[in-house]
Amino acid sequence: MRHRSLRTARHRVIGGLAAALLGTAGLTLPAAAQPAAARPTTAEPAAAAPAAAKDGLALTPPMGFNNWNSTHCRADFNEAMVKGIADIFVSKGLKDAGYTYVNLDDCWARPQRDANGKLVPDPVRFPKGIKAVADYVHSKGLKIGIYTSAGTKTCNTAGFPGALGHERSDAQQFADWGIDYLKYDNCNNQGVDAKQRYRTMRDALKAASETTGRPIVYSICEWGQNKPWEWAADVGQLWRTTGDISDSWGSMLSITKKNLPLAPYAGPGHWNDPDMLEVGNGGMTDTEYRSHFSLWSVMAAPLLIGTDLRKADAKTFEILGNREVIAVDQDPLGKQGTVLSSEGGRWVISKEMADGSRAVALFNETERPQRIATTAARLGLPQADGYRLRDLWRNQDQNTSGSVAATVPAHGTVLYRVSADRRWASYPPAAELGAGAAPFTEAGATAPVETALRNFGGTAAHQARVELTGPDGWRIRTSWPTRAATLPTGSRLATRWQVTAPKDVKPGAYELTVRADYRSARGDKVGTELPVPVHVVVAPPSGASYASDLPWLSAANGWGPAEKDTSVGENAAGDGHPITLDGTVHAKGLGVHAPSEVTYYTGGHCTAFTAKVGVDDEEGTAGTVAFEVWADDTKVLSTGTLTNADPAKAISAAVDGATTVRLVVTDGGDDVTSDHGDWADAAFSC
Ligand code: GLA
């Protein structure tokens, strides 16, 4: 499995929002302009008849903890951890917030069964056995889960025993220990039919739990391989829809995209499971983790914390403990949110709630701030003069006359709950804070930045004020207004600022912050903030330069970092090999892995980009990729799909006048496995 690691992706170039920002009103698309597939669907497929719900289990998506994402098989997965998490669930209010299951993943057992064919807990990790841990967890008013595989062994290479052929005995053992939840994996399944394997364990769990009176939630983990959403509603309470998540933006995003279309199959007692949470594990920014948590909630996904809470910081607790976001996930109507629109990476996902309101995620997949908007009517809310718009991350009520909008930071999510509320006018008006295209500036030079605060509420905003601040040493001035005594409905406070970078500043991505404050007629205060990215750049030298000798603005890469003058190699930096296409070695170039995007600042100075492209020989005959060259927002060259069997392709793209040039490698339409792309001899003529 090749995972996308995008630590550098957020430094991407910012394009032009500015014109739209200071001049135009809402960008909401009429329903007719949306692709049919993106329109909400209310149809519940027949296959999803909630037979499983009859037992009353998991009527809302299960919430709890699982150690896998934080420890994998490491030694710190042990009794102390499980007890520690249970303690923290209670002491930090997570139990009160709904987190109930403390689940053990792979590696809890000894590799061999005992003489009677019984499972044996690892005596080092669990010296007192599983029952003692279960008793402890139960004593805290919590529940406990365990793991095994619907195969001869579990997934870990150490080869712990799986339950295939031992279903009755293992299920009885789990029940006797007091287990409340089983995650049943798919490794080493010997090719036995999935429906048969998962139904056999369902029946075994049912029989065993009848002997103890303790029901067992049944989590099917066959990674979506056999479309469990079509047959598992009466088998388990949840089913994984994808392969494993990893702690990266790319992984989280690709799983989201696979899980979203399955909305019609989810409901009380039968949930789509896009895998456990990575929030707090360090591979994403807090903005990205808030998106992750927002998306899981709006998708009515199980919320299984995957970080070691004993080491978690305040931000992690703040995200995982946000009760209003959890309430979206746990809504008793049990609908998974549906996609209303997604063009250009600007997602509107709407979840119908039991009280008639809608939870709406405005999710920005892109690397730059985006305005994302919809309306109360498109959300299916009844016609009204005004609505209550609650921001679930800022925990703030506002009013809107119908528009539901925000400028959302790169990779961010604004999560609203929108309802028809007769008291709408008593809340402060909603206002959108936007910022125009982030400028490119050279050290010591000045560039304009535009900001606007637009009142889209149904009442006037008062004492409005905007302020732009930057890192130490940045000079920010304006001769435009920064205050408005009153900002009536539909009007905006637009400001053009002059931003001067310090003389000695290094090239790279920097962040300014625009902040706005205003009051309602009653005096209630609203404060809002938006990051404004700025790039300090150097103009490319005249003549021909190898791309690998120039600084790039950003490089997003599907597997480890993009490499200069070697192939991409593996996951570590600097682990590539000589760039080799059809047996020919190239001393210069870029080695990348799909999906990849390397962006250069050309500042209008360059005319052409040339390279020889293809799939590097290091993966043998595997790998299919396609190369694209973008001059600003225009695709100026595209190779189509190339495999290792194709000869290296010489390309030349005209990039006259472009401010940025983006070198993109896609997976060629299949998956990204072995997709090692080379931009051999890549060079700019400037
Ligand atoms: C599989 C599952 C993971 C985890 C591991 C444990 O990969 O999908 O969630 O349980 O096995 O080995």
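**Close-up 1. Trp108 and its neighbours in this predicted model.** Leaving out residues up to four places away in sequence, Trp108 touches Phe77, Leu119, Pro121, Asp122, Phe126, Ile130, Ile146, Tyr147, Phe174 and Trp177; contact here means heavy atoms within 4.5 Å. Trp108 is also among the residues with the most contacts inside the largest nonpolar core, along with Phe89, Tyr99, Phe293 and Trp296. That core has 87 residues. Another core, of 30 residues, lies apart from it and includes Val598, Val613, Val625 and Ala658. A nonpolar core is a set of buried Ala, Val, Leu, Ile, Met, Phe, Trp, Tyr and Cys residues joined through side-chain atoms within 4.5 Å, with buried meaning under 20% relative accessible area (1.4 Å probe, protein chains only).

**Close-up 2. The buried side of helix α5.** Helix α5 spans residues 129-139, and its buried residues are Gly129, Ile130, Val133, Ala134 and Val137. They pack against α3 (79-91), β2 (101-103), β3 (143-149) and α6 (167-177). After α5 comes Gly141, with a positive phi near 80 degrees. Helices (H or I, at least four residues) and strands (E, at least two) are DSSP runs, numbered from the N terminus.

**Close-up 3. Where α6 meets α7.** The axes of α6 and helix α7 (residues 194-212) come within 8 Å and cross at roughly 40 degrees. Axes are lines fitted to C-alpha atoms, for helices over the stretch in contact, and angles run from 0 to 180 degrees between N-to-C directions. The pair is therefore oblique, the label for whatever is left once under 35 degrees is called roughly parallel, over 145 roughly antiparallel and 65 to 115 roughly perpendicular. On the α6 side, the contact includes Arg168, Ala171 and Ala175; on the α7 side, it includes Met201, Ala204 and Leu205.

**Close-up 4. Helices α8 and α9 side by side.** Helix α8 (residues 249-259) and helix α9 (residues 286-298) pack at about 20 degrees, with axes 11 Å apart. That's why α8 and α9 count as roughly parallel to each other. Trp249, Met252, Ile255 and Thr256 of α8 meet Glu288, His292, Leu295 and Trp296 of α9. Trp296 turns up again here, as one of the residues with the most contacts in the largest core.

**Notes on the views.** Residues are numbered from 1 along each chain as its sequence is written, and side-chain values use heavy atoms, with hydrogens and water left out. Since this is a predicted model, local features need pLDDT of at least 70 and side-chain atom pairs count only at pLDDT 80 or more, while totals for chains, interfaces and linings use all residues.

Notes
Buried means under 20% relative accessible area, exposed over 50%, partly exposed in between (1.4 Å probe, protein chains only).
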